[in-house]
Every structure is written in C-alpha cells, then in structure tokens.
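Please walk through this protein model with me. The sequence and structure come first, and the explanation follows.

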Amino acid sequence: MSETSCYILDNGAYTAKVGFSTSEPKVVPNCIMKAKSERRRPFIGSQIEECRDASGLFYILPFQKGFLINWDTQKTVWDFIFSKECCPVNFSETPLIITEPLFNFSSIQEAMTEIFFEEYECQSLLRINATDLAEYNYRKTNNNECTVVVDSGYSYTYIVPYVKGKKYKDGIRRIDVGGKVLTNHLKEIISYRQLNVMEESYVINQVKEDSCFVSQDFMKDMEIARKKDSSNTIVKDYVLPDYTTIRRGYLRDVVRPDEDLEQQTLRMNNERFSIPELLFRPSDVGIPQMGIPEAIMHSINSCPEENRESLLENIVLYGGNTMFPGFRDRVYMEVRALALDHYDVNVSRGDNPVTYAWEGGKMMFRDPDFYSFCVTREEYEEEGKALAYERFDI
C-alpha cells in the first residue's frame, strides 16, 4: 500500500470536517436546511451560503442525542460532500478514516461499514472515535503517556481518559449538555424577555457564538450585569442580520434609543455568560449531572492511582463549545481547586478546537502501522461485518 493521501471525514452531529490529509479540512454543516424564502429548494451542507434569507430556517438533522439515526439525510449530505461541488474523492484509490460516537450502537456501526464498502466502494476503511484521533494528535505532539480528552460538541460533552494510548473505559463520563442545549436555552430566554425567536435556530446560534463568554466569577459578573449605568461593562446590543446589507449579526456597544432607528437589535446582558455556565452547572436547567471540571476529576479518580498525576498534567479540550472566551481558564481554575495541592494541573486547548480531531487523523495516516488498523474491501468481502466489529474496538 503506497497511497500518498487519505480522505478524513470527522462526521460530527453539527458539522462534518472533511478533506484529504494533504490539504486543509473543510467544515460543512452536517444537515439539510429548508428556508421560508426559497421553499422549493433544500440546502444541503455548505449550500446554505447561497440562501438569500436564512431567517426561520428549518433543520433536518441526521443525528439525534449524538447518534446517527436518520440515514436518508446522512446519505444525502455525504453524497454532497463527496461530489465535485464540495470535496470530490475516488474511494477505490484513497483510504478513508471516518469518525463515530463513543459507545455507538452495533446496528449503526454495521450500517456505516456496509454503506462505505458496498455503496461507495471503499478500498480500505478505518472507523474510529473522534476522541481517539484527538488523543493521538496530543500524544504525538507532547510525547506523553496519559491524556484526558474533553470533547464538548453539539449533542453532549464527553470526558475520556487514555492510558498509554488506550481508552480507560471505566473512566469515561458523558454530560448531556452541548451546543444544541445552549442554543435552545438562549432561544427560550430571548423569546421570554424580548422577541419571539423560537424558529430562529440558525440566527440564535450565531448570537451565541458571537456574544457569549465563560465567566471566571459568576456572582461578580451578575453584580455587574445588574447595574443600570455605564459601569455595566457586560451589556451589549446584538445587531440582527437583515439579509440585505447584513449577512451575519454583530455585537456592539449599547446606543441611546434616539440614535438607533435602523436595525433590529437584541439586548444581551447576563445571557452572555449564563448560557455557557450550563456546561459547568447543568443542574441550572434541570439536568441532574456534574459540570465539566467535576466530571474531569471524577473520571481521573476512577483511573489507576499511578496514572492520576500524569492525567492531571495532560487535559486537552476540543470541540465547538471550547471556543467560548474564558473556557480553558475556567476549567483550569476549577480542576486546580478540586485536585490535590501537590499535583500539577495543565489544561490545553487545540489550536483549532473544531478541526483538532481531524488533524489527528492526518497524523495517524502517517503512522507506519496505519493499514493494520484498517479493514480492506477484500477482508470485508471474505469475513464480513464481524471482522470490522472486532478490529474497530469502539
């Protein structure tokens, strides 16, 4: 086997990160969207950029609660991704690395293997967890034995400890809070206080990305947000897109009512930090689970004692939620407070948290043992799904 490049598809619930190992990845929305302005035409993946008016977008998602359940939608999105319009590939010449969720159902694993070998005629396939790729990226960069990978994405947040490159399964923790919960909660708060935006997932998701940050001292920030004068440094106006002159909204300082008659705005005050706070306190919205720092400590304490020190020194964050300003600092501060004093704590975040796992796939392809991880078409035809199930120990 002497292929010069590999095709990597990090198939997330919100975006698919895709591309050849010789180039940079493209980030494509992993969904089909329908717009009120253009009823006849569905927008698949990155076609949404062609939509004239993205207000009131209706989403059709392949994933629910972090698992792939809508195969027709997923197949449509994959067909678009592999087409000339996006990132064309010939699977008969190029090996494929595709990611799947932790603890994926065996029926989904089988269907995925079958689709790529039988419909896309893939020559060699590696099905793997995104956290494995992120851990590989971190381990190869830092030469360490133990890592705690924190993957905070669209559907959930996973904390996965690795000892000598292998998942320590008893230490895996899942928190049912991801970007989707945050966006939905923000929609409810804004709809209750200001403007009915329950249909505006696309726009409110942008509001969340552009205006939210993680508080380092929640009560102190609450005090600031209560103030009515210029000493309230948190309150801002978010200018909503009108899809004629403004394609994406933006944050700006509050202006006096008599100055602004043109644009529709949302007043963002304590929502700016109370929304990401759910990642640290899920119980605030009735989810009876630990926050991320507690779950990290819980995970590490369930690992063998001799590895705990090394795990605390190698905590790596990736996924869309880790891009909130202040996220890394808050995780570090809380884990440091919970850990024993004589242990060092080190929390790092991937350079680009969204494509961090994809970059790990790029590094894995260069591994001399890469092909021993894969299943080839011949092996699949001879031994069937059982071999894939055995080799991809998810």
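The paragraphs below cover a sheet, a helix face, salt bridges and aromatic pairs.

This is a predicted model, in which local features need pLDDT of at least 70, side-chain atom pairs count only at pLDDT 80 or more, and totals for chains, interfaces and linings use all residues. Residues are numbered from 1 along each chain as its sequence is written, and side-chain values use heavy atoms, with hydrogens and water left out.

Start with the sheet. Six strands form an open sheet in the order β3-β2-β1-β9-β10-β20, with mixed pairing. Strands (E, at least two residues) and helices (H or I, at least four) are DSSP runs, numbered from the N terminus. Two strands pair if DSSP finds at least two bridges between them. The edges are β3 (26-29) and β20 (375-376); each has a single partner strand, so one side of each is left without a neighbour in the sheet. β20 runs antiparallel to β10 (residues 124-129), joined by two bridges. Leu-125 has Val-375 as its bridge partner in β20.

A helix covers part of this sheet. Helix α11 (residues 356-365) lies across β1 (7-11), β2 (15-20), β9 (96-100) and β10, at about 150 degrees to β1. Axes are lines fitted to C-alpha atoms, for helices over the stretch in contact, and angles run from 0 to 180 degrees between N-to-C directions. Contact means heavy atoms within 4.5 Å.

Elsewhere, strand β15 (residues 236-239) runs antiparallel to β17, with four bridges between them. Tyr-238 stands opposite Leu-266 in β17. In a regular strand the side chains alternate between the two faces of the sheet. β17 (residues 265-268) has a covered face with Leu-266 and Met-268, and an uncovered face with Thr-265 and Arg-267.

Now take helix α9 (residues 305-313), whose buried residues are Asn-307, Leu-311 and Leu-312. Down the axis of α9, the buried residues fall within an arc of 140 degrees, so they line one face of the helix. That arc is taken from the directions from the helix axis to the C-beta atoms. Buried means under 20% relative accessible area, exposed over 50%, and partly exposed in between (1.4 Å probe, protein chains only).

Which charged side chains meet? The whole structure holds 22 salt bridges, each a side-chain nitrogen of Lys or Arg within 4 Å of a carboxyl oxygen of Asp or Glu. Lys-75 and Asp-79 meet at 3.5 Å, N to O. They sit four residues apart in helix α1 (residues 71-81), about one helical turn. Glu-381 and Arg-377 meet at 3.4 Å, and both lie in helix α13 (residues 377-383). Glu-277 and Arg-281 meet at 3.7 Å. Glu-277 is buried at 1%, whereas Arg-281 is partly exposed at 33%.

Rings of Phe, Tyr and Trp (its six-membered ring) pair if their centres lie within 6.5 Å; planes under 30 degrees apart count as stacked, over 60 as edge-to-face and the rest as tilted. Tyr-7 and Phe-91 are edge-to-face, 5.6 Å centre to centre with 90 degrees between the planes. Tyr-7 is in β1 and Phe-91 in the loop between α1 and β9, 84 residues apart. Tyr-7 is buried at 0%, and Phe-91 is buried at 5%. Phe-213 and Phe-273 have ring centres 5.9 Å apart and planes at 45 degrees, so the pair is tilted.
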